[in-house]
Each structure stands twice: as structure tokens, then as C-alpha cells.
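Good morning. Please look at the structure on the screen while I go through a few side-chain contacts and backbone details.

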Amino acid sequence: MRVLPALLLVLAACGGPEPGPSPGQEGVQAPAFRPERWSRAFAGRPAPDLPLETRPDGTTTTLNEVRRRHPGRPMLVNLWATWCAPCLKELPTLDRLAADARGRLVVVPVSQDLAGWRAVNPVFTPERFPNLRTLVDSQMRLGAELAARGLPVTVLYDPQGREVWRYEGELDWSGPDARRLLGLER
């Protein structure tokens with residue numbers, strides 16, 4: 001079973017299951033770009049084709065299906081969890097990015113919570129994140145397939161579904177550093 005080793009790595013990287021910011025603290029600024037967290041080591045690797053839940057009823061999709069629904073657009077996939085404070089801190093910046101880059105970039109958050117929708121629903125609400133729809137991977141297979149060393153990790157895929165680069169750790173995705181990385185300078 002690969003879930004346990006992946007869970008242990010994620011817990012170590014996030015510092016364990018600490019509570020994230022309480023409602024109203026989401027506006028706390030995520031950090032700026034740190035070059036040592038950016039990597040092209042997996043460039044060219046196709047997006048894993050794993051089932052990811054779209055709703056609590058068990059309906060699934062894959063990253064490739066998401067990509068096909070948005071032809072010609074790159075896709076930014078963010079692995080996060082409800083118990084990961086850095087993840088919760090950067091989610092509002094991903095929501096702003098999704099709004100600003102609509103039509104040019106698809107932003108796909110994917111929860112890595114073992115409790116699935118039971119953990120995600122109270123945290124990831126349309127009121128908090130009106131521009132994002134999360135997917136849920138309660139088996140944490142996506143993180144394992146991506147060889148993620150912790151959370152959050154964000155991967156940019158080109159329109160053909162091949163990895164371009166990844167960023168490990170939190171980042172202000174609505175800030176100028178992220179916009180330069182994504183080619184979205186204003």
C-alpha cells in the first residue's frame with residue numbers, strides 16, 4: 001500500500017495536522033517566489049490519468065478530461081489539504097488567479113484529504129472560493145504519482161497535458177512572481 005508512505009511524507013512536509021487559518025484569515029499574504037522550490041525535473045511527463053472525485057456522490061473525472069474540456073489552455077494543478085496551513089493560506093491567491101486568468105489558464109485544486117468530502121465541504125465553499133471547484137483524491141494517489149514531497153505542490157501542464165514545471169510550497173499565485181512564471185504579466 002502506497003498511501004501510508006505518501007501520507008507520512010505529506011504530514012512531515014506540512015508539519016502535521018495543524019488547524020489552518022480560521023474563516024476571515026484567508027487574506028494572510030502567501031510568500032513570494034523562492035527559486036529553490038521551482039523545478040523542471042519532471043518536465044514532459046504526462047498528467048496522471050487517475051479518477052478524482054468531482055462531488056460527494058462519487059462522480060469522478062480525470063485531469064485529462066478537465067484538459068479536454070478546456071482545449072488549448074494550460075492547466076495549473078494544486079495539491080492541497082484541509083489540515084495543511086500553508087495550503088489554506090495560498091488557496092485565496094489561487095482563487096484570484098483563476099478569476100484573473102479565466103479563458104487563458106485552468107486552475108484545478110485537488111484535495112489530498114483521507115476523509116474526502118467530509119473534510120473538504122466545510123472548508124472549500126463557493127462563498128470562500130467562487131472561482132474554483134476542487135476535486136478530491138481521498139486515496140492520495142495523485143500525490144504519490146507526482147512524487148510530491150509535501151503539500152502544497154503546484155504543477156503546470158501545457159495544453160497537451162505534459163508537465164512544464166512544478167513549485168513545492170506555498171506561493172502568492174496572484175502576485176507578480178507567479179504571473180511571470182505563468183506568462184500572465186499584466
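A salt bridge here means a side-chain nitrogen of Lys or Arg within 4 Å of a carboxyl oxygen of Asp or Glu. By that rule, the structure holds eight salt bridges. This is a predicted model, where local features need pLDDT of at least 70, side-chain atom pairs count only at pLDDT 80 or more, and totals for chains, interfaces and linings use all residues. Residues are numbered from 1 along each chain as its sequence is written, and side-chain values use heavy atoms, with hydrogens and water left out.

In the pair of Arg34 and Glu36, the closest N and O atoms are 2.7 Å apart. For accessibility, buried means under 20% relative accessible area, exposed means over 50%, and partly exposed is in between, with a 1.4 Å probe and protein chains only. Arg34, at 37%, is partly exposed, and Glu36, at 55%, is exposed.

Next, Asp100 forms a salt bridge with Arg179, with 2.5 Å between the closest N and O atoms. This pair links distant parts of the chain, 79 residues apart: Asp100 is in helix 3 (residues 85–100) and Arg179 in helix 6 (residues 176–182). Helices (H or I, at least four residues) and strands (E, at least two) are DSSP runs, numbered from the N terminus. Asp100 is partly exposed at 36%, while Arg179 is buried at 5%.

Now the aromatic rings. Rings of Phe, Tyr and Trp (its six-membered ring) pair if their centres lie within 6.5 Å; planes under 30 degrees apart count as stacked, over 60 as edge-to-face and the rest as tilted. The whole structure has six aromatic pairs. One of them is Trp165 with Trp173, which is stacked because the centres are 6.2 Å apart and the planes are at 5°. Trp165 is buried at 2%, and Trp173 is buried at 0%. Ring pairs also link Phe33, Trp38, Trp165, Tyr167 and Trp173 into a cluster.

Last, the backbone. Which peptide bond is cis, with omega near -10°? That is the bond from Leu151 to Pro152. Pro152 sits in the loop between helix 5 (141–145) and strand 7 (153–157). Ala147 lies in the loop between helix 5 and strand 7, and has a positive phi near 55° although it is a residue other than glycine.
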